[in-house]
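Keep the 3D view open as you read.

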Protein chains: 4
Amino acid sequence: MAERAKVAVIGASGYTGAEVIRLLLGHPRAEIVALVAGRRAGQAIGAVFPQLAGYGLPDLIALEAIDWSGVEVAFCCLPHGTTQEVVLGLPEHIRVIDLSADFRLRDVATYAEWYGHAHRAPELQRQAVYGLVELARGEIAGARLVAVPGCYPTTCQLPLMPLIEAGAIVADDIVIDAKSGATGAGRALKEAMLFAEVAEGVHAYGIGRHRHAPEIEQGLSTAAGRPVTVSFTPHLMPINRGILASIYVRLSAGKAADDLRRILAERYSREPFVRVLDQGRAPATRHVRGSNRCEIAVFADRVAGRAIVLAALDNLVKGASGQAVQAMNVMLGFAETAGLAAAPIFP
Amino acid sequence: MAERAKVAVIGASGYTGAEVIRLLLGHPRAEIVALVAGRRAGQAIGAVFPQLAGYGLPDLIALEAIDWSGVEVAFCCLPHGTTQEVVLGLPEHIRVIDLSADFRLRDVATYAEWYGHAHRAPELQRQAVYGLVELARGEIAGARLVAVPGCYPTTCQLPLMPLIEAGAIVADDIVIDAKSGATGAGRALKEAMLFAEVAEGVHAYGIGRHRHAPEIEQGLSTAAGRPVTVSFTPHLMPINRGILASIYVRLSAGKAADDLRRILAERYSREPFVRVLDQGRAPATRHVRGSNRCEIAVFADRVAGRAIVLAALDNLVKGASGQAVQAMNVMLGFAETAGLAAAPIFP
Amino acid sequence: MAERAKVAVIGASGYTGAEVIRLLLGHPRAEIVALVAGRRAGQAIGAVFPQLAGYGLPDLIALEAIDWSGVEVAFCCLPHGTTQEVVLGLPEHIRVIDLSADFRLRDVATYAEWYGHAHRAPELQRQAVYGLVELARGEIAGARLVAVPGCYPTTCQLPLMPLIEAGAIVADDIVIDAKSGATGAGRALKEAMLFAEVAEGVHAYGIGRHRHAPEIEQGLSTAAGRPVTVSFTPHLMPINRGILASIYVRLSAGKAADDLRRILAERYSREPFVRVLDQGRAPATRHVRGSNRCEIAVFADRVAGRAIVLAALDNLVKGASGQAVQAMNVMLGFAETAGLAAAPIFP
Amino acid sequence: MAERAKVAVIGASGYTGAEVIRLLLGHPRAEIVALVAGRRAGQAIGAVFPQLAGYGLPDLIALEAIDWSGVEVAFCCLPHGTTQEVVLGLPEHIRVIDLSADFRLRDVATYAEWYGHAHRAPELQRQAVYGLVELARGEIAGARLVAVPGCYPTTCQLPLMPLIEAGAIVADDIVIDAKSGATGAGRALKEAMLFAEVAEGVHAYGIGRHRHAPEIEQGLSTAAGRPVTVSFTPHLMPINRGILASIYVRLSAGKAADDLRRILAERYSREPFVRVLDQGRAPATRHVRGSNRCEIAVFADRVAGRAIVLAALDNLVKGASGQAVQAMNVMLGFAETAGLAAAPIFP
């Protein structure tokens, strides 16, 4: 391994691509050697993202134009459904960190059901490691292809997996009300994402049928050792960055909210990016903005036998590009916090 | 009854006071004869709310300065806890519409528990009618004192009361995740309500202990005919106006989401301000902004036996001042939509 | 003239179209008989604008499907450049209020220079009346075709025209720094108008070459009696509605800021929609939101011989659809404030 | 000098204090040894700013509780007017970087005129160096007390000083229209800064009498070699961070906008934090957010002989705390970009 890993970012004209670039610019062990954005090939990155001008980054190129011999790692930041064939076409020596949903679902039948077409790279799917770093560090270290979890699934699984594994909550009675900022929808042109359609309002969407539900259930089912279905309802907030998951759970017999908090605090006590808050403190998306932090809190509900679990993170960092860089650090044996130590930016 | 009812607004320097004034300016049967704002007495309303300058409104005065002989109706828009003694001091002929929480809880012991002091006007409390107009129209018509429901309780009770009365949902398994705009906190100075503290973020607050929980439970318990406790968690959104309640319910045996929608659609089919949306449509706060509408939708959950009920309204209109004007219309025998017919303002 | 004028709205799926509908729903003398939105023909208006569902409005139809025999007035709310041919094709008895830029510039050569193609209806252009109501009421009354001024030109001409006519300021030294909300860009899909691109930031655009500059100059040149060129720089603000024009002027010899304020106050003393603020008060877009008001203030600059003129309005109301309805009222002999009396909505 | 400079932050409960802490957490040569916040003494920093919890920072203490023997540098982040006496009381060996306005105006008579009281430390004032780093690097290196410029003055002086020094613009005809985010007002409780009062609106304030005017004029007068007065009007934007100054200038005879751009590009060609944009590119606050960058552009005006100069920065970074850290780096001989290299965060 060279002093600095040579990195290509595929899909550099979208928000997660730009965020990978931002984080790698501050990374002591990574060097960006190629930026791919097919339709913008030939342009400077500053023409697409002015905030990234002036850092000596390479110009945007087409995928076919990359000389892969000088690349070790590729971040794939493409839309869902377009990534499978791209990854299939990459040389074997390239370690791939994919931020799309293409390799997240282990069961290709489930993939076909939710994404509307047969998986185009089922063999690759079998090699893919689900990259929720805190819960799969060992597997990630040796992986060639890491599927970075979705923003909602990260926010939900970090608190719920240890609670289910500990048998502290009833896995069949989980209600997730999740709130996300607008960057979660990416940079694609949709009327519903125009400023005037999003500002000064909130609403639920994808009710009862959001694609992150099967991804969350895949994790929770593993934790429970049997199939788990969850009630999951996402909402769009008029903010750029941030996800807050408000999770309403039923306690297992004999358990209290304090037990849940203790289980989580112990589980994450040595994790640099997961903070379990003290009793009475609630997380806010604004207090993790721009950082790779996930903050979790547990409250007793006033309904006996129930508790409220809250988790907040920045959907572009711990919910996407930050987690991707964290996975790279694990894959390449770097310090896990390399390039990710920046404190949140507030206000 | 004169052609136009003579109205005093007490607490004219707060947001609900201003909203009562805004609505009454467009009301064909009401005339504002006095505006009370103790600390701002002597000033023009335009000095406190520039948007209300130029409409020929009376200057702000102290409560003691009102000549009550020319007043028929008083809107009380004071902070919680300060209203009881004010209403006690009003002449008997004044019909009072109180927007604070002071007379909402029928049980003064519950009031004392949640508001931290003994109720100061228990006799008045016994006369007070809870002013959720669609559900108590008859009582309101004859009331001398109407307690306008809280913004969250309005949003939650409108969909839940008919469902519980019909036995269509399990009253003991209701989870409410509510989202509110910043005006719900009023105009009082609090660091947490500064622009820089609210913008670009979301968070839950009052978790497990918000004062609107007992108010909601008072209604639902009446509907159920037995004590009901709900899981209720409010969240602050970076918007000015709007409440969205996402309510997660368990269906009674044999019931489906479609049944819930049908029950609500029938219950509210002749109501001018409550709309039950067609299957597949979800409400958004931005689409009721500035209007007295409450929009309700029902979705099947992907968890068997569960449904998701969504309700949206403008917290300053149907959640406060609009509902107050609607109550006045009922009390005085006016058309119920008088002054309240304006369509939502979007974007 | 029937009790209610029969109105068609062409371009009902855009923001100015929706705003015309909103205002006409509250208009005592107008009835919407047709809503045109070519690509959405056959849909209910509520599918395009949920806030307009439930008011008994006609479904969207194609332009060709209108029975013009039952229509008296058409509001044209189409994008710039597409309107000329549409208006050409309308029956002669239809009185047309056009909200696009297509008929605003009297000189078709100037039009061609700024809009990139020869004017397609120069004869109609000659008949068109520029609809800045306060300054052209008489002409508008008899017009068949009214070109509703642009949002920026309205905000700038209302304060500047009387000052130039009075010779109180130097017409050759006017600097306009204008700030607009996002709805000014319409509902068209542009990456630059996505929520994440607009929120939490401000920037100038169209610097030195915005199409509203010649429109402003057309008015100011008329007032001055000679060609006037202005420095005009628009900025995009992360708000939905509102324009604020900060206008920096040089005083004519012997004039002071107080003189400017007096000239404007006298000029607009009987106007229902223009308010000249008292010394020391500054307008804010939030205090005119949703209303047809334009508020103007004048301040002495600390540079001797200079003054600062501020004007604020809601770009969708007085800057577009409200002014259009106001023009209709004048054309049809209605009370000028009919349908436009609602107070601003704040917060 | 030790490996890491030992730093105290006085005024750690305000926004500029928090931003100094955020930046120093990522600084390789600085160590925070004391955080002062009188009224919050005894609390953890996380109780005041949750985003700063978990970084091992010292608890908040009272000013009197500091052991100055172990401190080398103090950042003073106190409100205007309260700093003079605090700095007077600091031991002589402490190098002070003051973010308030207290030592910015060289002329104590001007200070008294604008701040309403006689300066309380005129001797210290004489030692103070005005810390606009790009323009006073040499003086700052040796200073004991640096007065960090105001956010508006930084944004205006960086582009204007070189242009005036070069004689390229007419110093007597400068109009500055400046737009700022809400954090510029600090964290003090004011009704006008509540979310509901700031969101969804823009307005001008301090018109003709803002305290940053004399500070700007102090710099421009120095550059011009004679007294200069400017037209300066600040506006409040509904954003957290960011200042955009739109500066309208008259060109000196024979000069064009391109000349201005060239002068600035040459002046700042080796500066790490000032970027002069290529022709046709305009700066946006969102593209410098969170970074220490100032971006400048020049456009030809359509009025002959005029040009438009635009400058954008993050008011909490280059406009306050970032510039303060930059000054520290110069004072202590560190790399000037130490702790300040992070790219902007967008969206």
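What follows is a short tour of a predicted model.

**The sheet of chain C**

Turn now to chain A. Here, too, 7 strands form an open sheet with parallel pairing, in the order E3-E2-E1-E4-E5-E7-E6. Strand E3 (60-61) and strand E6 (129-130) of chain A stand at its edges with a single partner strand each, so one side of each is left without a neighbour in the sheet.

Helix H1 (residues 15-25) of chain A lies across strand E1 (5-10), strand E2 (30-36) and strand E4 (73-76) of chain A, at about 160° to E1(A). Helix H11 (residues 317-332) of chain A lies across E1, E4, E5 and E7 of chain A, and runs at about 155° to E5(A).

**Strand pairs and E4 of chain B**

Strands of a sheet pair through backbone hydrogen bonds, either parallel or antiparallel.

| Strand pair | Sense | Bridges |
|---|---|---|
| E5 (residues 95-98) and E7 (residues 145-147) of chain A | parallel | 3 bridges |
| E1 (residues 5-10) and E4 of chain B | parallel | 4 bridges |
| E4 and E5 (residues 95-98) of chain B | parallel | 4 bridges |

In the chain A pair, Val96(A) stands opposite Leu145(A) in E7(A). In chain B, Cys76(B) in E4(B) is the residue opposite Ile10(B), and Cys76(B) also stands opposite Asp98(B) in E5(B).

Which way do the residues of strand E4 (residues 73-76) of chain B point? Val73(B) and Phe75(B) point one way, Ala74(B) and Cys76(B) point the other way, and all are buried.

**The nonpolar core**

In soluble globular proteins, nonpolar side chains tend to be buried together. In this model the largest nonpolar core has 520 residues, and those with the most contacts inside it are Val9(A), Val9(B), Val9(C) and Val9(D). Leaving out residues up to four places away in sequence, Val9(C) touches Gly17(C), Val20(C), Ile21(C), Ile32(C), Leu35(C), Val36(C), Phe75(C) and Cys77(C).

**Two crossing helices in chain C**

How do helix H7 (residues 151-165) and helix H11 (residues 317-332) of chain C lie relative to each other? Their axes come within 8 Å and cross at roughly 100°. Angles of 65 to 115 degrees count as roughly perpendicular, so H7(C) is roughly perpendicular to H11(C). At the contact, Cys151(C), Thr154(C) and Thr155(C) in H7(C) meet Lys318(C), Gly319(C), Ala320(C) and Gln323(C) in H11(C). By class, the residues of this contact are 2 nonpolar, 4 polar and 1 charged.

**Where chains meet**

The contact between chain A and chain B takes 40 residues from each of chain A and chain B. Among the elements that give two or more residues to the chain A side are helix H8 (195-198), strand E8 (169-180) and strand E11 (243-251) of chain A. That side has 22 nonpolar, 10 polar and 8 charged residues.

Chain C also meets chain A, with 15 residues of chain C in contact with 15 residues of chain A. Helix H8 (residues 195-198) of chain C gives the most to the chain C side, with 3 residues. The chain C side divides into 10 nonpolar, 2 polar and 3 charged residues.

**A stop in chain D**

Finally, look at Tyr115(D), which lies in helix H4 (residues 108-115) of chain D. Setting aside neighbours within four places in sequence, Tyr115(D) is in contact with His80(D) and Gly81(D). Tyr115(D) and Arg211(D) are 96 residues apart in sequence, with 7.9 Å between their C-alpha atoms.

Key
Residues are numbered from 1 along each chain as its sequence is written. Chains are lettered from A and ligands numbered from 1 in the order in which they are written. This is a predicted model: local features need pLDDT of at least 70, side-chain atom pairs count only at pLDDT 80 or more; totals for chains, interfaces and linings use all residues. Two residues are in contact if their C-beta atoms, placed from the backbone, lie within 7 Å. Ala, Val, Leu, Ile, Met, Phe, Trp, Tyr, Cys and Pro count as nonpolar, Asp, Glu, Lys and Arg as charged, and the others, Gly among them, as polar. A nonpolar core is a set of buried Ala, Val, Leu, Ile, Met, Phe, Trp, Tyr and Cys residues joined through C-beta atoms within 7 Å. A residue is buried if 20 or more other C-beta atoms lie within 10 Å of its own, exposed if 12 or fewer, and partly exposed in between; C-beta atoms are placed from the backbone. Axes are lines fitted to C-alpha atoms, for helices over the stretch in contact, and angles run from 0 to 180 degrees between N-to-C directions. Angles under 35 degrees count as roughly parallel, over 145 as roughly antiparallel, 65 to 115 as roughly perpendicular and the rest as oblique. Two strands pair if DSSP finds at least two bridges between them.
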